[in-house]
Amino acid sequence: MFRRLTLGVRLALVWALVVGACLLVMGTWVAQAVERTQTLNADRQLRGVAGRITNLLGAGRTPPEVQALLELGTPQLEVWITTPAGRAHWGVQPLPLPLPDDRTGFQTLAAPCAACVWRLYTVKTPAGARVRVALWQGQDRRLLHRLRRNLWTFGPLVLLLCSLSGLWLTRAALAPARRLARATVTIARQGHWSARLAVPTARDETAQTARAINTLLTHLEEALQTERRFVAYAAHELNTPLTVIRGRLERAVKRQNLGQIGLALTAVDELTALTHTLLDHLRAETLAAERQPLQVLPLTAQLLEELRELRPHLQLTLTAPRELQSLRSNEDVLRLVLRGLLENAGKYAETTVQVSLAQQRGWTAWTIRNDGRPFPVELLARVGEPYLRGAEGDRPGYGLGLSLTRTLVTQLQGTLEFSYEAGYTVATLNLPALAT
């Protein structure tokens, strides 16, 4: 039942229960403190009177003389003196209760009525006299009873006021959160992923929530854009081989040329390889967040050997320090990134591809150099953009491959830069080492 209530109502109820419990505890403590104070004051007064009587008796005074000297005819005090020579009692309000036994010290005498409460103090003198002094506490007990009655009378009213105030405060406090929820639902229903929530100026939890939702919307928008780019890339890249296959098959059908069918099958194989590449990149984007420690040097050497088998005419070199720390990353994703960079370098190299590894300040860097015809500076600055291709007609150029590679590098929280130095095209890949 409690879980079915709204958060504001639950907070208000909890607030009311806490305030009610505090009020009950505080009221009980105050009542006990008042009662203890009354008892202490009464004991102090009784001890003082009994001490004066004891002193007078020790000085040889008789009970009547003690009464005359003390003038204790007040309505609150009752005094009994018992000596070997006789007894004495004075006071205007005798106790409505029988006196207890002869034990000394303080005692509380109470009748069924609320005001019939007395505090009794008994002391014995060395001479054998017994002094009893009683103080009526009816008035104090009436005040204490009234305090407790007021507590139970006004406690529920205070509890109700606390509940209403707590409900108002929680609703006021949760109003910004409700506005954020409505705005988020509106964005989701309309599909306006580029929209952002208004962040309050106050530095509170609402502002933090709004910023967190905006960050989530930013990542969601980037994911949707990545998906749209992937679909566009796939459609763009698959269109060409499909057109070639269709043309060759049409010519083979018209001319009954088996050679054209063989060329079409070759194009089908290329299309299959391209499809697998696209699927690998799509799978890699989902695996980029899954990381584990891996050794970068064996992985780089393995990929360089694969390139050597594909392009045996190239001179391939690998330079790395003696000790390399492990890198926390996703091996499948990193393999795709390095393979794409190495294949691209081998495609455009004339004779040489140089790979060097370095680590410093929490980063692992791959520097891949290849000789060959240099690319214009304005083209190097745009490497990795979709559909960007070089001017050479016999080579595909920088197209889908490097664009997807750059996307994967971003998923790995790294950077990828291209430059031209002393006759070499240089690709520099930097990945954070991250904690292992």
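The side chains of Arg308 and Glu305 come together in a salt bridge, with 3.5 Å from N to O. Keep in mind that this is a predicted model. Both residues sit in helix H6 (residues 296–310), three residues apart, which is about one turn of the helix. Arg308 is partly exposed, at 31% relative accessibility, and Glu305 is partly exposed too, at 40%.

How many salt bridges are there? The count comes to four. Here are some of them:

| Pair | N to O distance |
|---|---|
| Arg308 and Glu305 | 3.5 Å |
| Arg335 and Glu331 | 3.0 Å |
| Arg119 and Asp43 | 2.7 Å |

Now for the pair Arg119 and Asp43, which meets at 2.7 Å. This pair ties together distant parts of the chain: Arg119 is in strand S4 (residues 117–124), Asp43 is in helix H1 (residues 7–58), and they are 76 residues apart. Both Arg119 and Asp43 are buried.

Arg335 and Glu331 are four residues apart in helix H7 (residues 331–348), so about one helical turn separates them. Is Arg335 buried or exposed? Arg335 counts as buried because its relative accessibility is 17%, under the 20% cut-off.

The UniProt record, an unreviewed entry, annotates residues 151–170 as a "transmembrane region". In the model this span is 100% helix and 0% strand, and its end C-alpha atoms lie 27 Å apart. Phe154, Leu157, Val158, Leu160, Leu161 and Leu164 make a nonpolar surface patch of about 560 Å². One of them, Leu157, lies in helix H3 and is partly exposed, with a relative accessible area of 45%.

Trp168 is also in helix H3 (residues 138–190). Trp168 counts as exposed because its relative accessible area is 60%, over the 50% cut-off. Trp168 and Ala12 are 156 residues apart in sequence, but their C-alpha atoms are 8.2 Å apart in space.

There's a positive surface patch as well, formed by Arg171, Arg178, Arg179 and Arg182. Of these, Arg182 lies in helix H3.

Most residues other than glycine have a negative phi. Arg361 is not a glycine, yet its phi is positive, about 55 degrees. Arg361 sits in the loop between strand S9 (352–360) and strand S10 (363–370), and at 84% relative accessibility it is exposed. Gln413, not a glycine either, has a positive phi of about 65 degrees. Where is Gln413? In the loop between helix H9 (400–411) and strand S11 (415–421).

Definitions and conventions: Residues numbered from 1 in each chain as written. Predicted model: local features only at pLDDT ≥ 70, side-chain atom pairs only at ≥ 80, totals over all residues. Heavy atoms only, no water. Helix = DSSP H or I, 4+ residues; strand = E, 2+ residues; numbered from the N terminus. Buried < 20%, exposed > 50% of the residue type's maximum accessible area, 1.4 Å probe, protein only. UniProt positions renumbered as here; feature names shortened; annotations may be inferred. Patch = residues over 30% accessible without salt bridge, like charges linked within 9 Å, V, L, I, M, F, W, Y side chains within 5 Å. Areas by Shrake-Rupley, 256 points an atom, 1.4 Å probe, with all protein chains shown as cover. Lys, Arg positive; Asp, Glu negative; His and termini not counted. Charge placed at Lys NZ, Arg CZ, Asp CG, Glu CD.
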